[in-house]
Amino acid sequence: MRHNICQGISDYYLRNYGREALVVPSGRFGMYVIAMTFFHPGARVIISPITCKTVIYALLSASVLPVFVDIDLSSGNIDVTKIPRDVLKSATGIITTNLYGTPDNALKIKELADSYELVMVEDCAHVIDSSVQGNKIGTIGDVALFSFKKFFHLKGGVICARDVRLRDRMEAFIWKECLFPQLHQELKRVADFFRKRNDVCKLYQFVQRMKTFLRGKEVERKPAASELSRKYTIPQLAYHSFLALTDPDYHVFPTVAELFRVLLKLEDILQIINRINQRNATLLAKCHLPVVKSRYESTACYMVVPYFCEQKNKIIQKMLVDKKIPTWYTYDPPLNEVFANTLNLPRLNAHLPAAREWCDKILPINPFYMREYLATINDVLESVH
Ligand SMILES: Cc1ncc(COP(=O)(O)O)c(C=O)c1O
């Protein structure tokens with residue numbers, strides 16, 4: 001059953017991104033699989049310091065060294081003009097972030113990757129529908145990573161690699177290192193979900209949709225005996241202690257019901273994207289703070305909208321105290337500062353002024369809480385003047 005649903009998810013990516021997808025238990029685990037597959041231990045990989053810490057943990061877990069470079073203040077992503085030549089020459093790969101859905105300068109990065117023979121990894125955890133000059137983000141580099149967490153609020157993600165030959169290698173690795181939920185966990189997740197909604201009709205409809213989807217599909221592929229014997233014996237690697245701190249279940253596959261919900265979301269993707277774009281447009285029309293807009297041509301479906309705001313910290317604080325709404329996806333300090341003492345790389349100690357400025361001044365607003373933010377912004381700005 002799981003295999004058929006994963007195949008359905010993969011078919012979506014094949015249709016929309018031209019690449020088959022491998023389902024992984026989480027985006028962070030997917031980045032670990034990518035690092036283990038595409039890079040050798042000790043490889044240096046260029047990355048923006050404005051990203052999720054879990055990405056860096058995943059790289060370090062694979063003994064891959066992140067080399068932070070400064071960002072472009074109009075997008076929050078790597079500034080391709082500021083990457084030193086010696087860094088490009090000594091690196092093996094480059095990872096884009098597509099922060100908040102704003103695309104990296106991906107075509108330029110692809111050119112650099114081709115000239116310096118770098119593996120280009122597109123981190124699309126924040127991406128649902130973004131492009132540069134008509135090229136869909138997620139189709140430009142050698143491999144792309146998507147997470148289901150940000151837009152679907154569901155566990156898991158996918159890896160989409162250009163080279164299909166790497167698929168089998170990554171799949172075997174995933175089977176070896178992941179845990180699969182047991183039957184009681186599968187049932188408990190379904191029960192929890194529907195208990196919250198208290199709606200037996202919905203449960204019935206959900207089961208019917210799943211039955212319809214599975215009808216006519218081939219019988220679930222049985223894992224080989226060797227896969228079965230390996231799947232519960234996870235080696236105690238260092239990354240378990242790193243990544244388990246961020247989410248103890250980061251290597252546990254979503255349940256069948258959760259995967260099927262992802263599939264339903266993908267079927268509804270156009271409506272979801274339209275809804276997000278509409279909310280973003282309303283926020284953009286109503287909020288008078290200057291929005292940060294990428295200076296290279298792009299279409300961005302924002303996960304949260306980045307505004308430039310001197311009073312950022314006051315607003316975040318007031319939102320939390322008055323409205324009990326936390327502001328998510330703020331990155332402070334930038335990761336070059338966080339990891340400067342952990343990693344013995346001179347580059348990591350470098351001061352990256354644009355990254356620091358971004359952390360000081362950018363307020364990411366979730367349009368879902370638009371009303372509360374707008375009121376709070378007014379209050380704070382009035383109190384300052
Ligand atoms: C840019 C970025 N990449 C990767 C990840 C990891 O995704 P997941 O939460 O599915 O592990 C995150 C998570 O916050 C992220 O922000």
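Helices here are DSSP runs of H or I with at least four residues, strands are runs of E with at least two, and both are numbered from the N terminus. This is a predicted model, in which local features need pLDDT of at least 70 and side-chain atom pairs count only at pLDDT 80 or more, while totals for chains, interfaces and linings use all residues. Residues are numbered from 1 along each chain as its sequence is written.

Of the 385 residues of the chain, 43% count as buried. Buried means that 20 or more other C-beta atoms lie within 10 Å of a residue's own; 12 or fewer makes it exposed, anything in between partly exposed, and the C-beta atoms are placed from the backbone. Next, contacts, where two residues touch if their C-beta atoms, placed from the backbone, lie within 7 Å. Among contacts between residues at least 6 apart in sequence, 72% join residues at least 24 apart.

Now the ligand. Which residues come nearest to the ligand? Of the 14 residues around it, they are G27, R28, C52, A125 and S147. A residue is near a molecule if its C-beta atom, placed from the backbone, lies within 6 Å of it. The shell divides into three nonpolar, eight polar and three charged residues. For that division, Ala, Val, Leu, Ile, Met, Phe, Trp, Tyr, Cys and Pro count as nonpolar, Asp, Glu, Lys and Arg as charged, and the others, Gly among them, as polar. Helices α2 (27-38) and α3 (53-61) each supply at least two residues of this shell.

Staying with α3, I56 lies in that helix. Is I56 buried or exposed? I56 counts as buried because it has 25 C-beta neighbours inside 10 Å. Leaving out residues up to four places away in sequence, I56 touches P66, L335 and F339. The C-alpha atoms of I56 and R28 are separated by 9.0 Å, and the two residues are 28 apart along the chain.

S147, one of the residues nearest the ligand, takes us to strand β8, residues 143-147. Five of the five residues of β8 are buried, so the strand is largely enclosed by the rest of the structure. Both faces are covered, with V143, L145 and S147 on one side and A144 and F146 on the other. What does β8 pair with in the antiparallel sense? That is strand β9, residues 157-161, over five bridges. Two strands pair if DSSP finds at least two bridges between them. S147 has G157 as its bridge partner in β9. Strand β5, residues 119-124, runs parallel to β8 and is joined to it by four bridges. There, A144 of β8 is the bridge partner of E122.

Next, two helices. Helix α1 covers residues 2-17, and its end C-alpha atoms are 22 Å apart, which agrees with the 22 Å that 16 residues should span at 1.5 Å a residue. The expected span is 1.5 Å times one less than the number of residues. The buried residues of α1 are I5, C6, I9 and Y13. They cover an arc of only 100 degrees around the axis, which puts them on the same side of α1. The arc is that of the directions from the helix axis to the C-beta atoms. In general, an α-helix has 3.6 residues a turn, so residues three or four places apart point the same way. What covers the buried residues of α1 includes β1 (21-24), β9 and α12 (256-267). Just after α1, G18 takes a positive phi of about 70 degrees.

Helix α17 covers residues 370-384 and reaches 21 Å from first C-alpha to last, close to the 21 Å expected for its 15 residues. Its buried residues are Y373, T376 and I377. These cover an arc of only 105 degrees around the axis, which puts them on the same side of α17. On the other side, R371, N378, E382 and S383 are exposed. The cover over the buried residues includes α14 (312-323) and β11 (362-365).

Last, some backbone details. D332 and P333 are joined by a cis peptide bond, with omega about 0 degrees. P333 sits in the loop between α14 and α15 (335-339). E117 is not a glycine, yet has a positive phi of about 55 degrees. E117 lies in the loop between α5 (106-116) and β5, and is exposed, with 10 other C-beta atoms within 10 Å.
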